[in-house]
Amino acid sequence: MCVESDGCEIEGCSSSDEVHTLSGSMSPALKSSPDLHPCKPGHKVHAALLRCRSPAAAAGILTFGNILNYMDRYTVAGVVQDIQKHFDKTDSGVGLLQTVFICSFMVAAPIFGYLGDRFNRKVILSCGIFFWSIVTLLSSFISKEYYWLFVLSRGLVGIGESSYSSISPTIIGDLFTNNSRTMMLSVFYLAIPLGSGLGYILGSSAKVAAGDWHWALRVSPMLGITAGTLILVFVPEPKRGSADQRGGRIRTRTSWCCDMKALAKNRSYVFSSLASAAVSFATGAFGMWIPSYLTRAQEVQKTAMPCDKNEICNSTDSMIFGAITCVTGLLGVVIGAATTRLCRQKTERADPLVCAVSMLGSAIFICLIFVVAKKSIIGAYVCIFIGETLLFLNWAITADILMFVVIPTRRATAVAFQGFISHLLGDAGSPYLIGLISDSLQESYATSTLWKFLSLGYALMLCPFIIVLGGMFFLATALFFLDDREKAENHLAQLTQRPSSVKVGQF
């Protein structure tokens, strides 16, 4: 027999001597007493609902929401050629869509980080999902005379999605610890490449099925509203730091200014954030421009015709690139988690070292894309597959590094500002910058199909050099990782008290 925190017996529970509470934490078992009464029908429904709020279920729902977050973000990239044709914009003009999205995303991230460390996180998450879902749906009805309004709508979507990316990892961080947390964060961050790839596939498929690219923006909002509702109903609000100190409570809270000073002095946090910026630069530019680059490569090889203004553009490359992104994301996250767990047996600096090696290896294969694309599209896809797999290795590991070196009460702020830095120096400007360089190189040979292909390739060649720089930052992180982790553990011990007796209702 199990007892919920309202003192009501729950039928059908396991006979284990632990009591599961709303936060996912546990307290010693309570034996049956004459004061306890059988559950009424309404109580049984409520108790069954509470049992669904397990840490694993919460992590699954949050991962589903993260998939939708990135799927919506890259749906636009999946139909970018149609948007460019519809609004009659240059490469830099259409690249502005992603730049405005990321700029609003990164500006809002610190605000949501502050709120996430102080207020109910799942309410903030749900409101953010509802907001971007509604704005995305409305943006699909904007006519071609109002491109500025379409750009503005992407900025508003960025604000909504920022709330989710800043706060949701901290809930998982408070539900799990050690290797379990690494595994759950790996699954959670699998949503980045998986959602991005599904965004390309969804956008292309919806466009082809409806014969109109606007329908690409009308599917993810319905799924987003579903995810927001699931979070409100089934995701618990765990006590901050409950997984790090079982039975302990955070006794004091530091000020926002103190948090920022501590993060600025945390060398592992600073260097890993700069490395994340390098990853964001490359993924932002690739996500926006690689399908277009491969389409232009096939036009040079005479295996495809240029996009006609009176028809929807060919979506084959977007769908293939999306499928590759899904598969490489799965492989990257799984290989990254397994490799890190294995390497931790050899060295305590395994997390940043695995990230550094994968970044440097990725740069090599990404360089090869631009060497072989002119002659072989299949060869280019092979290089993309290997390069993306290595690049995606570090996403979940980077989040785990942050959890190790930052105390629980400032993790939402840390995640938010890491996102701010990575977007500010990364994908906030990379899509527009690549488009601007491509436009500049095309000025002299605007009508040449070969030169359109080459100019975009030369612009994208900036990405491998940025990735190498990111690998250097991860090596720098490895130098300070152990010291910063020890400091975080000592600081957490000072902030935590262990009560002599714990009541069920306190959890």
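Student: Is the crossing where helix 4 passes helix 15 left-handed or right-handed?

Tutor: Left-handed: the near helix is turned anticlockwise from the far one by less than a right angle, while clockwise would be right-handed. That's how helix 4 passes helix 15. This is a predicted model, where local features need pLDDT of at least 70 and side-chain atom pairs count only at pLDDT 80 or more, while totals for chains, interfaces and linings use all residues. Residues are numbered from 1 along each chain as its sequence is written, and side-chain values use heavy atoms, leaving out hydrogens and water.

Student: At what angle do the axes of helix 4 and helix 15 cross?

Tutor: Axes are lines fitted to C-alpha atoms, for helices over the stretch in contact, with angles from 0 to 180 degrees between N-to-C directions. Here helix 4 (residues 91-116) and helix 15 cross at roughly 170°, their axes coming within 7 Å. The two are therefore roughly antiparallel (over 145 degrees; under 35 is roughly parallel, 65 to 115 roughly perpendicular, the rest oblique).

Student: Which residues make the contact between helix 4 and helix 15?

Tutor: Contact means heavy atoms within 4.5 Å. On helix 4, look for Ile102, Phe105 and Tyr114, among others; on helix 15, the list includes Ala416, Phe420 and Leu424. By class, this contact has twelve nonpolar, four polar and no charged residues (Ala, Val, Leu, Ile, Met, Phe, Trp, Tyr, Cys and Pro are nonpolar, Asp, Glu, Lys and Arg charged, the others, Gly among them, polar).

Student: How does helix 10 cross helix 15?

Tutor: Helix 10 (residues 267-300) and helix 15 (residues 411-425) have axes that come within 7 Å and cross at roughly 45°. That makes helix 10 oblique to helix 15, and the crossing is right-handed. The classes come to eight nonpolar, seven polar and no charged residues.

Student: How many helices and strands does the protein chain have?

Tutor: It has 18 helices and six strands, counted as DSSP runs numbered from the N terminus (helices H or I, at least four residues; strands E, at least two). Of its 507 residues, 55% count as buried (under 20% relative accessible area with a 1.4 Å probe, protein chains only; exposed is over 50%, partly exposed in between).
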